[in-house]
Amino acid sequence: MTAITESAPAIVVPPLAKSPGYWAGVFRRFKKDKVAVGAGLVVLAIILMAIFADYIAPADPTRSSMLRRLRPIGTPGYPLGADELGRDMLSRLIHGARLSLFMGVVPVFIAFVFGSVIGVAAGFFGGKFNTITMRTVDVFYAFPSVLLAIALSGALGAGITNSLLSLTIVFIPPIARIAESVTTQVRGMDYVEAARASGANALTIIRVHVLGNVLGPIFVYATSLISVSMILASGLSFLGLGTKPPTPEWGLMLNTLRTAIYVQPWVAALPGAAIFITSISFNLLSDGLRSAMDVKG
Amino acid sequence: MLSYLAKRILYVLPVAFGVSLFCFLLVHIAPGDPLTSVLPPDASQAMQDELRKIYGFDRPLPVQFGLWLMKALQGDLGTSIATGRPVAAEVWRAVGNTLLIAGLATVIGFLFGCFFGFVAGYFRGSYLDKFASMLAVLGVSVPHYWLGMVMVIVFSVQLGWLPPGGAGPGGSAAWIWNWEHVSYMILPAITMSVIPMGIIARTVRALVADILNQEFVPALRAKGLMDFGVFRHVVKNAAPTALAVMGLQLGYLLGGSILIETVFSWPGTGFLLGNAIFQRDLPLLQGTILVLAMFFVGLNVLVDILQGLLDPRVRRR
Amino acid sequence: MALEPHPDRGGPGTPLLQAKTLTKHFPLGGGAVVRAVDGVDFAVMKGETLGVVGESGCGKSTTARVVMQLIPQDKGEMLFDGEIVGGKDLTLKEYRRQAQMVFQDSYASLNPRLTIEDSIAFGPTVHGVSKANAILKARDLLQRVGLDPARFAARYPHELSGGQRQRVNIARALALGPRLVILDEAVSALDKSVEAQVLNLLADLREEFGLTYIFISHDLNVVRFISDRVMVMYLGEVVEIGAVEELYNDPRHPYTKALLSAMPSMDPDNRTMEAPLTGDPPNPINPPEGCRFHPRCPHAQTICSKAKPALVVTASEDGTRRAACHMEIPGSGHSRAPSLEVAA
């Protein structure tokens, strides 16, 4: 059988100056894209704001005051006004970033993991497994994403966990489809054939030769879903399917302030503006990554 | 062409079956006994058993699915718990209303999207192009329910030009085609049009840029055709794809209108769904989603077939 | 180095690889079948280079993939040094250490995310060699294929020229210490000057490592340069096989004659007077009955569309020359076939 003669003492491989790899090129191209860098900085700022909300926020986001309900922007002590229960809008917006970011990133991340596994397996192994998987994916494609999210959330009932679950289920099919299509392309490449010809098993080939070439495009696609996920999650809260009061969450704030548009319209519109800014920053960042990583489509 | 048609229809059948299965299971993934959703809270044990029989919940799941599917195919989607009326009737009325604003929104989105996309594609790299590209990003990034609120704030609260919500004095039952009623459609339709506008603009821009790069365009110019001639050729070549995207977008809007309808209290499917969720009216939820999804599936096939008719290359895929 | 060489079981002069009635059909929708490889028999002797020629679509590349076992054959079997490939004495994984392949597209056959040395070292690590040893071996091989490891080992494929990449692919194929290397149009995509360098490298490596080559190409000049024997394929079948000079100087099958006559010759006295290929281009989906070449053959007669000619020994003393043509089969019914008395 395989006869191997390993020389016992440790072998020192002289290191060589590595060529600047793929990621160095990506970083160099990304740095040149001013819009994407700007969007990235905004995203970073929002993330920091969410992490350090307790230190940044000037007031307790849940402390209400019946006397100071619906104050306009610029009220002393309430830089962005006060909401329908007299709570400081600025503090609530800062704290609201936590849940909004969480609901934007976490479902997409979980879906990225599951969708990639499903899609890469379907693409690599092909055949009946591929047909069955992709037909199931097609069924989910028959629902516009908003409808699917609301259907699942509506059936499961309100709550963060249920929203998280529904959004994850919404994003698995599209990620699996992208993963399947890029994997099918890579599987046909001669280097995969060459790896098979060297006697490697499927798992080794996937690990060494497939993942490195498909995860990039799948990842870029997944980042473009973060803004969709945020908007959908806030939308679910807006319908009363997400988190419950008094938790500060941008979609829920928008919901409870809806009736206030006749009194303090611009205060009422603030949470939506926060969603908008975050979502557009994620989209621009994703576009920048796409061109820096040279992903087609 | 016939074989293409047959292939498309054969392909969609398993999808339609899967969609029905999903909608059927929606009631069963809901936490708790599906019966609790149709029971009055103070129901006696005897009444529970009685209702369990009537609804067929005592039978095995596949049998239940079969029976449910048979009924659905005959147009019977069950009875709403909240109103006691047949779900099908409620859904159909709501679908009509949704189609009204979704259709208007698609038309607005298509016209503006084509305009911006065409300008951007024709003057690639110019400021107009950058502006149109930015608009496309804005279109997909904006939370449209918030945009609806801003619209109400600006045009109803501040300017007082248009009504903030509802479907007119008589509601949707007494709809008449006059300004008084149509004015209620304008804000929701414009809000909704932002979604397809960005996507259509992006598609048309890519199409126009692509066509202008093809060899026949300089050839046309060489033949002495003026810009209008080139324009006509671009339109002729870009139209099938642009129309296909428009068709698909109408489908997305049918499902995506839920939040916007809630903002404007427009009595469409979204509003119906909102109520169903609020009252945990699961048969109504199930029926509405089934109809909307089937609409979407049907629209997809229709678009595919139309595209096949317009462009023989599509048929070979 | 790390992987022990394989002992020669049958001894020199025995075939390294014997293919017996290899068949590979690809079903298309609607009952149609592409007969890519249809009952192909051949042997490759130890240390020789067998050239395989034919038009595109004749099944050369599918044959290569079946021989490499990248796709399983539908029928037939292969013996490698006397043992059944994929049998209990020679597992597929073991066979793949002994047979390797170089592909045509030098770029597509290297993983763009791996450095050159990592690509070369991948195969040995699969067979249990330590990473450090595999890397050392990879650098040694780079040296042998004419690339300075200090300069190239840590580079990525896109930083190399086509010729350099193909040298890397050759090194990668050699990393497992194979005895048989299948070269599938391995030099076809290269510039002429680079092609010559790589061909010389291949010839040197064959001597150095005692390799056996299956060299697939549509370029008849290149095949003549590197091969000892040549196999001509047409629509998934072998139509002629024999020693290279014999076959080039005296082709027996009309298809071989036509193929060679299409070859540009520098020597005005050495031109074949055969008519160039005419008629329908070959289509492996519905190959013609009888001899598959008969619709395009200038000598076709009734028998040719009725019976399939066997690959028979012809026109050589040592019996290594074979052709599948009714004109070579005594008593076949073709007017130009040798009479039975002469053959007996």
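**Entry 1: a helix over the sheet edge**

I started with helix α6 (residues 162-174) of chain C, which lies across β6 and β7 of chain C. I noted its direction too: α6 runs at about 170 degrees to β6(C). A reminder to myself before going on: this is a predicted model.

**Entry 2: the sheet in chain C**

Next I looked up the sheet these strands belong to. I found eight strands of chain C forming an open sheet, in the order β6-β7-β8-β3-β9-β10-β12-β11, with mixed pairing. Which strands stand at the edges? They are β6 (99-102) and β11 (312-313) of chain C; each has a single partner strand, so one side of each is left without a neighbour in the sheet.

I then checked the β11 end. There β11(C) pairs with strand β12 (residues 322-323) of chain C in the antiparallel sense, over two bridges. I found C:V312 opposite C:A323 in β12(C).

**Entry 3: strand β8 of chain C**

I wanted to know how β8(C) is held between its partners. On one pairing, strand β7 (residues 180-184) of chain C joins β8(C) in the parallel sense over five bridges, and C:I182 has C:I214 as its bridge partner. On the other, strand β3 (residues 49-53) of chain C runs parallel to β8(C) and is joined to it by four bridges. Here I saw C:T49 opposite C:Y213.

Is β8(C) buried or exposed? I found five of the five residues of β8 (residues 212-216) buried, so the strand is largely enclosed by the rest of the structure. I also sorted its side chains by direction: C:T212, C:I214 and C:I216 point one way, C:Y213 and C:F215 the other way, and all are buried.

I traced the chain between the two strands as well. With helix α7 (residues 192-209) of chain C, β7(C) and β8(C) make a right-handed β-α-β unit.

**Entry 4: where chain A meets its neighbours**

I turned to chain A and chain B. Helix α5 (residues 127-141) of chain A packs on helix α1 (residues 2-29) of chain B at an angle of about 65 degrees, with the axes 8 Å apart. Roughly perpendicular counts from 65 to 115 degrees, and α5(A) and α1(B) are therefore roughly perpendicular to each other. The crossing is right-handed. I listed the residues that meet: A:R135, A:T136, A:D138 and A:V139 from α5(A), with B:P14, B:V15, B:G18, B:V19 and B:F22 from α1(B).

Last, I looked at chain A against chain C. The contact takes 30 residues from chain A and 38 residues from chain C. On the chain A side, α8 (190-197) and α9 (202-238) each supply at least two residues. Which helix gives the most there? It is α8(A), with seven residues.

Note on methods. Residues numbered from 1 in each chain as written. Chains lettered and ligands numbered in written order. Predicted model: local features only at pLDDT ≥ 70, side-chain atom pairs only at ≥ 80, totals over all residues. Buried ≥ 20, exposed ≤ 12 C-beta atoms within 10 Å, placed from the backbone. Pairing = 2+ DSSP bridges. Right-handed = clockwise from strand over helix to strand, strands pointing away. Axes fitted to C-alpha atoms, helices over the stretch in contact; angles between N-to-C directions. Parallel < 35°, antiparallel > 145°, perpendicular 65-115°, else oblique. Left-handed = near helix turned anticlockwise from the far one by under 90°. Contact = placed C-beta atoms within 7 Å.
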